[in-house]
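Good morning, and thank you for joining. I would ask you to keep the display in view while I go through the packing of this protein.

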Amino acid sequence: AVAVPSSPIQRVIGFGSLAAGLAAGTISESARRAWRGRKPSNDSNGDSSSPVEAESIIPGDSIFMTEANAERLAVALCRMRGAALKLGQMLSIQDESVIPPQVQRALERVRQGADVMPADQLEKTVESHLGVGWKDSLLRFDPEPLAAASIGQVHLATVLDPDDPESTLDVCMKIQYPGVARSIHSDIDNLMRLVSLTDILPKGLYVEHAVAVAKEELTLECDYEYERDSQAHMAELLRDDPHWHVPRVIPALCSKGVITTEYAPGVAIDKAAALPQDERDYIGAQLLRVTLRELFEFRFMQTDPNFANFLYYSPTRRLTLIDFGAAKEFPKKFVDDYLRMVVACAERDRKGLIDASISLGFLTGDESPVLMDAHAEAGFQVGRPFAAEGAYDFGAERDMTRRVAGLGKVMLKHRLTPPPREAYSLHRKLSGAFLACMRIGARVPARTMLREMYEKYEFGDGDADSDSEEAAANTA
């Protein structure tokens with residue numbers, strides 16, 4: 001167990017130590033390459049001799065992002081927790097088209113969990129939120145955490161069932177690390193200062209815009225009362241869904257920094273890769289179906305795509321959705337235009353795609369033909385699952401992200417505006433759903449699902465005469 005650095009000075013020292021270690025590693029790597037006569041590469045826009053590295057958004061040949069430095073980064077993120085670890089976990093679910101393999105290997109450890117709090121720090125933290133006698137309302141509390149995440153760690157406990165006092169109920173208590181909530185902004189600022197010295201981020205990312213959105217989203221994610229209400233809301237939305245379960249919340253054991261919910265059995269969906277094909281197809285189909293429902297039916301979405309937030313219990317084939325700190329509601333106009341854009345991608349309707357992208361704010365309309373072409377082709381690539389008749393084989397079509405990443409370099413170089421704020425969390429969830437289907441090799445009738453969703457969708461402005469909508473109607 002390692003205590004969470006909870007004071008501002010402790011966290012500054014932590015980031016300073018990380019910076020020093022990374023700098024030493026970079027100097028060592030530069031000297032090693034010079035000794036071997038190899039030209040150091042730290043150009044985020046340069047080419048690499050390796051086809052995998054050439055495709056990666058983050059360069060794999062950087063003298064900064066070596067395997068040793070990637071490991072230093074992973075160790076530090078697990079120790080610091082908070083916003084820095086959360087951003088690392090977001091990167092960890094990507095594939096080699098976004099991050100180079102040595103970074104991916106190190107971040108896989110980050111995704112598996114953080115260091116855990118010592119017992120005395122844990123006790124004081126829960127007392128600060130639930131009061132000194134918090135254990136009196138529990139029948140059992142496991143001091144060993146079930147999981148240690150970026151913002152808090154989860155412990156199993158047993159209580160009397162609030163709905164049936166004659167029965168007991170196993171619950172999960174998620175306890176927020178001390179100091180994490182108040183350090184979100186400074187953590188992100190410190191991390192970005194560190195990254196800015198490396199030149200590993202490609203130009204055109206509109207980093208300031210992305211950082212502002214990240215601060216806003218992560219601040220909300222530290223509010224467990226918001227998560228409590230969001231989980232209860234999603235449970236109601238999915239109450240009649242026979243495939244998905246949302247654990248109920250135990251309000252008496254919730255606060256700003258503690259949330260207690262019903263325990264749900266199951267494994268993270270990426271662990272289902274060894275299951276029979278029909279089960280993998282079932283998991284992938286239900287994951288994509290609930291994602292489409294969240295966006296186009298509820299306009300309310302759990303946007304954290306960490307594979308551990310989607311549990312599968314094979315004996316009953318039940319899927320469980322957890323972790324609603326990043327739940328988000330989307331405006332009706334945005335969802336209307338986004339559905340138009342998805343349909344245009346599926347139908348390879350370039351005009352419909354460009355028009356919807358301008359309406360959404362992805363484009364201004366003044367971009368160069370090179371950017372317009374790259375944007376349209378990227379949309380068509382992402383739309384491939386929705387364009388294919390029958391079941392789309394995600395396991396056999398793993399080149400999608402690589403192709404999009406190659407086009408992404410062009411778009412980063414030429415684009416004139418940052419994405420709309422809603423796109424950051426939405427695309428994180430959508431890409432996570434696609435990557436999960438790829439990981440488990442699921443075959444999913446995505447086009448049929450989109451068609452069914454479109455046919456029952458009611459556009460807010462009553463406009464149903466766009467080329468893309470006519471094309472979608474023609475596929476019915």
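I begin with helix 11, which is mostly covered, with 13 of its 16 residues buried. Please bear in mind that this is a predicted model. Helix 11 covers residues 332-347, and at 1.5 Å a residue its 16 residues should span 22 Å; the C-alpha atoms at its ends are 23 Å apart, which agrees. Directly after helix 11 comes Arg348, with a positive phi near 55 degrees.

The protein contains 18 helices and 13 strands. Of its 476 residues, 53% count as buried. Among contacts with a separation of 6 or more, 74% are between residues 24 or more positions apart.

Next, the nonpolar cores. In soluble globular proteins, nonpolar side chains tend to be buried together. Here the largest nonpolar core has 64 residues, and those with the most contacts inside it are Ile269, Phe296, Tyr338 and Phe386. Which residues does Phe296 touch, leaving aside its neighbours within four places in sequence? They are Val335, Tyr338, Leu339, Val342, Met453 and Tyr457. Another core lies apart from the largest one; it has 29 residues, including Trp134, Leu138, Ile175 and Val211.

I turn now to helix pairs. Two packed helices are described by the angle between their axes and the distance between the axes.

On the side of helix 10, the contact involves Arg280, Ile283, Gly284, Leu287, Leu288, Thr291, Glu294 and Leu295. Helix 16 contributes Leu426, Lys429, Leu430, Ala433, Phe434, Ala436, Cys437 and Ile440. By class, this contact has 11 nonpolar, two polar and three charged residues.

The other pair is helix 12, residues 350-360, with helix 13, residues 369-382. Here the axes come within 10 Å and cross at roughly 105 degrees, so helix 12 is roughly perpendicular to helix 13. Arg350, Leu353, Ile354 and Ser357 of helix 12 meet Met372, Asp373, His375, Ala376, Gly379 and Phe380 of helix 13. How do the residues of this contact divide by class? Five are nonpolar, three polar and two charged.

That concludes my presentation, and I welcome your comments.

Terms used: Residues numbered from 1 in each chain as written. Predicted model: local features only at pLDDT ≥ 70, side-chain atom pairs only at ≥ 80, totals over all residues. Heavy atoms only, no water. Axes fitted to C-alpha atoms, helices over the stretch in contact; angles between N-to-C directions. Helix = DSSP H or I, 4+ residues; strand = E, 2+ residues; numbered from the N terminus. Parallel < 35°, antiparallel > 145°, perpendicular 65-115°, else oblique. Contact = heavy atoms within 4.5 Å. Nonpolar A, V, L, I, M, F, W, Y, C, P; charged D, E, K, R; others polar. Expected span 1.5 Å × (residues − 1). Buried < 20%, exposed > 50% of the residue type's maximum accessible area, 1.4 Å probe, protein only. Core = buried A, V, L, I, M, F, W, Y, C linked by side-chain atoms within 4.5 Å.
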